[in-house]
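This report goes through a single protein structure for a reader who has not seen it before. Please keep the sequence and the model in view while reading.

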Amino acid sequence: MEKRNKIIYWVATALLAIGMLQSGIFAVLRTKQWVDLVGGLGYPLYFLTILGIWKILGVIAILIPRFKLLKEWAYAGFFFAMTGALASHLAFGDYSIKGLIGPFFQTVFIVLSWYFRPADRKITSVN
């Protein structure tokens, strides 16, 4: 069971990291695809820079050893960003597969990576 959990953790974490890093870089670079996507939802373009930088920093926080509290914040930030993206698309009336599939699967990867993370990456309460 332990080996299965490690495999689930690393696959989900790798897919999460790749997706967030890629989208973070594209957001910072303000590629046409991201400008159209974010602008089309009514968000200002400076939002791309803020979100992109935080995504890149979040990937670093999740992948580096130690810093358990920082990892919790990164997972929470990713979760809020992706569920917010889903909500934004739905509120705007964008029910397209293209608009929903990325945030949906990233949310799944966030939850799996967070849930199956090894004990040395979790905050433990001390009584």
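This is a predicted model: local features need pLDDT of at least 70, side-chain atom pairs count only at pLDDT 80 or more; totals for chains, interfaces and linings use all residues.

## Helix 1 and helix 4

Two packed helices are described by the angle between their axes and the distance between the axes. Helix 1 spans residues 2–29 and helix 4 spans residues 68–92. Their axes come within 13 Å and cross at roughly 60 degrees. That angle makes helix 1 oblique to helix 4. The crossing of helix 1 past helix 4 is left-handed.

On the side of helix 1, the contact is made by Y9, T13, L16 and M20. Helix 4 contributes Y75, F78 and M82. Sorted by class, this contact of helix 1 with helix 4 has six nonpolar residues, one polar residue and no charged ones.

## Helix 2 and helix 3

Helix 2 covers residues 32–40, and helix 3 covers 46–63. The axes of helix 2 and helix 3 come within 10 Å and cross at roughly 115 degrees. Angles of 65 to 115 degrees count as roughly perpendicular, and helix 2 and helix 3 are therefore roughly perpendicular to each other. Their crossing is right-handed.

Which residues of helix 2 and helix 3 meet? From helix 2 they are W34, V35 and V38, and from helix 3 they are F47, L48 and K55. The contact of helix 2 with helix 3 has five nonpolar residues, no polar ones and one charged residue.

## The largest pocket

The largest pocket has a volume of about 650 Å³. Its lining consists of 30 residues, and W34, L37, A85, H89 and P103 lie nearest its centre. W34 also belongs to the contact of helix 2 with helix 3.

Helix 1, helix 2, helix 3, helix 4 and helix 5 (97–115) each supply at least two residues of this lining. The largest share, eight residues, comes from helix 5. By class, the lining of the largest pocket divides into 16 nonpolar, eleven polar and three charged residues.

## The second largest pocket

The volume of the second largest pocket is about 310 Å³. It is lined by 14 residues, of which W54, K55, W73, A74 and G77 are the closest to its centre.

Helix 3 and helix 4 each supply at least two residues of the lining of the second largest pocket. Helix 3 gives the largest share, eight residues. The lining of the second largest pocket is made up of eleven nonpolar, two polar and one charged residues.

Notes:
Residues are numbered from 1 along each chain as its sequence is written. Side-chain values use heavy atoms; hydrogens and water are left out. Axes are lines fitted to C-alpha atoms, for helices over the stretch in contact, and angles run from 0 to 180 degrees between N-to-C directions. Helices (H or I, at least four residues) and strands (E, at least two) are DSSP runs, numbered from the N terminus. Angles under 35 degrees count as roughly parallel, over 145 as roughly antiparallel, 65 to 115 as roughly perpendicular and the rest as oblique. A crossing is left-handed if the near helix is turned anticlockwise from the far one by less than a right angle, and right-handed if clockwise. Contact means heavy atoms within 4.5 Å. Ala, Val, Leu, Ile, Met, Phe, Trp, Tyr, Cys and Pro count as nonpolar, Asp, Glu, Lys and Arg as charged, and the others, Gly among them, as polar. On a 1 Å grid over the protein atoms alone, a cavity is a set of points where a 1.4 Å probe fits but cannot get out, and a pocket is an open set with protein on both sides within 12 Å along at least five of seven lines; lining residues have an atom within 4 Å of a point. Grid points are joined across faces, edges and corners, and a volume is the space filled by probe spheres set on the points.
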